Amino acid sequence: MSGEGEQSHVEPLLARVFAPIEPPAGLATRVEARLQSISQLAADELDGWELAAMRDPRNWLRPALALLCGGAAGAGLLLLGRHQSRRTRNDGESAGADR
Amino acid sequence: MAEPAKTKAQLDADFAELYSAHARDLYSYAYYKVGNHHDAEDLVEQTFLQAYRHFERALRESDGRPLRPWLLRIAHNLAANHYRYRSKHPLTTLDDSSPLAATHSTEELVQGRDELARVIEGVKQLPDDRREALIMRFALGMDNREIARALGRSDGATKVLIHRAIKQLEGVVALAPASHR
């Protein structure tokens with residue numbers, strides 16, 4: 001076992017000296033609880049960090065742009081909707097006149 | 001091709017498996033290293049917390065190799081910090097005889113007609129690295145290669161380390177008074 005091929009008479013004694021030890025039953029629960037609390041702390045920290053980041057005016061550009069783009073897209077959709085409904089109405093009126 | 005990243009649920013399941021597979025080894029190592037159950041529990045807990053932080057990377061970089069040496073390396077470094085801290089902030093006298101003697105009953109020690117007691121005494125006299133290698137070999141059943149990875153040494157150096165530790169212990173047992181044999 002010592003890597004010399006022949007086993008020393010001390011080795012069986014060492015196997016007894018260093019008998020493996022079972023961990024206490026509560027240790028797994030303790031580790032799990034700590035891991036969960038760390039995950040929760042990390043999530044809270046992230047939420048706090050996002051809120052704090054929003055207080056910095058340098059971080060306002062992206063949401064402002066998003067708002068602008070969203071607004072423009074919404075207005076575009078509205079105009080398109082209006083345009084289409086007007087066209088449908090006109091088509092209906094001209095079809096009625098043809099008859 | 002790179003493997004797709006694991007979800008948190010998958011990682012947690014893998015980590016739970018890692019814990020079940022190695023908790024006993026880590027605890028045995030910690031107990032023989034720090035010398036009492038209280039500190040051993042703390043050391044194992046801290047080791048797994050540290051391992052959890054870097055688990056994804058360790059899985060990626062281990063390339064399928066066992067993670068036990070990595071866990072032991074974390075425990076080894078944390079234990080070194082523990083000793084540094086304890087040397088600056090001693091609580092009570094560290095009872096260094098307890099971890100080895102406590103796992104054996106008086107009856108067992110008497111029956112072994114002190115050969116066992118002498119080996120225990122000899123182990124206490126070993127330098128840290130030799131004792132650590134013996135813990136890994138005999139309490140955890142690790143081979144030279146795994147011990148080498150855990151200690152950050154070459155396979156050859158580890159083989160020599162264990163060989164010298166055993167030779168030193170043979171010397172201690174042989175030096176005992178004849179009446180004890």
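This is a predicted model: local features need pLDDT of at least 70, side-chain atom pairs count only at pLDDT 80 or more; totals for chains, interfaces and linings use all residues.
Colleague: In which helix is the place of G156(B), and why does G156(B) count as exposed?

Modeller: G156(B) has its place in helix 10 of chain B, helices here being DSSP runs of H or I with at least four residues, strands DSSP runs of E with at least two, and both numbered from the N terminus. A residue is called buried if 20 or more other C-beta atoms, placed from the backbone, lie within 10 Å of its own, exposed if 12 or fewer do, and partly exposed in between. G156(B) has 11 C-beta neighbours inside 10 Å, and therefore it counts as exposed. Its C-alpha is 8.9 Å from that of R145(B), a residue 11 places away in sequence.

Colleague: What makes Y29(B) count as buried?

Modeller: Y29(B), which lies in helix 1 of chain B, has 31 C-beta neighbours inside 10 Å, so it counts as buried. Leaving aside neighbours within four places in sequence, Y29(B) is in contact (C-beta atoms, placed from the backbone, within 7 Å) with L72(B), A75(B), I135(B), A139(B) and L140(B). Y29(B) and M136(B) are 107 residues apart in sequence, yet their C-alpha atoms are 7.1 Å apart in space.

Colleague: Which residues touch the most other members of the largest nonpolar core?

Modeller: A nonpolar core is a set of buried Ala, Val, Leu, Ile, Met, Phe, Trp, Tyr and Cys residues joined through C-beta atoms within 7 Å. The largest one has 51 residues, and those that touch the most other members are Y29(B), A30(B), A75(B), V119(B), L134(B) and I135(B). Helix 1 of chain A is among the elements that supply at least two residues each, together with helices 1, 2, 4, 7, 8, 9 and 10 of chain B. The largest share, nine residues, comes from helix 1 of chain B. At least three residues come from each of domain 1 (8-88) and domain 2 (97-181) of chain B, with bounds taken from an automatic or database domain assignment. In soluble globular proteins, nonpolar side chains tend to be buried together.

Colleague: With which residue of chain A is I135(B) in contact?

Modeller: Beyond four places in sequence, I135(B) is in contact with F18(A), and also with Y29(B), Y32(B), K33(B) and L140(B). The contact between the chains as a whole takes 32 residues from chain B and 25 residues from chain A. Of those on the side of chain B, 22 are nonpolar, four polar and six charged; here Ala, Val, Leu, Ile, Met, Phe, Trp, Tyr, Cys and Pro count as nonpolar, Asp, Glu, Lys and Arg as charged, and the others, Gly among them, as polar.

Colleague: Why is helix 3 of chain B said to lie largely in the open?

Modeller: Of the eight residues of helix 3 of chain B, the number buried is zero, so this helix lies largely in the open. Just after it, D63(B) takes a positive phi of about 60 degrees, although D63(B) is not a glycine. Most residues other than glycine have a negative phi. D63(B) is itself exposed, because 6 other C-beta atoms lie within 10 Å.

Colleague: How close is the reach of helix 2 of chain B to what is expected?

Modeller: Helix 2 of chain B has 17 residues and reaches 25 Å from first C-alpha to last, close to the expected 24 Å, which is 1.5 Å times one less than the number of residues.

Colleague: What pLDDT does each chain average?

Modeller: On pLDDT, the predictor's confidence in each residue from 0 to 100, chain A averages 79, with 88% of its residues at 70 or above, and chain B averages 84, with 78% scoring at least 70. Over residues 92-97 of chain B the pLDDT stays under 50. For the complex, the predictor gives an ipTM of 0.77 and a pTM of 0.69.

Terms used
Residues are numbered from 1 along each chain as its sequence is written. Chains are lettered from A and ligands numbered from 1 in the order in which they are written. Two residues are in contact if their C-beta atoms, placed from the backbone, lie within 7 Å.
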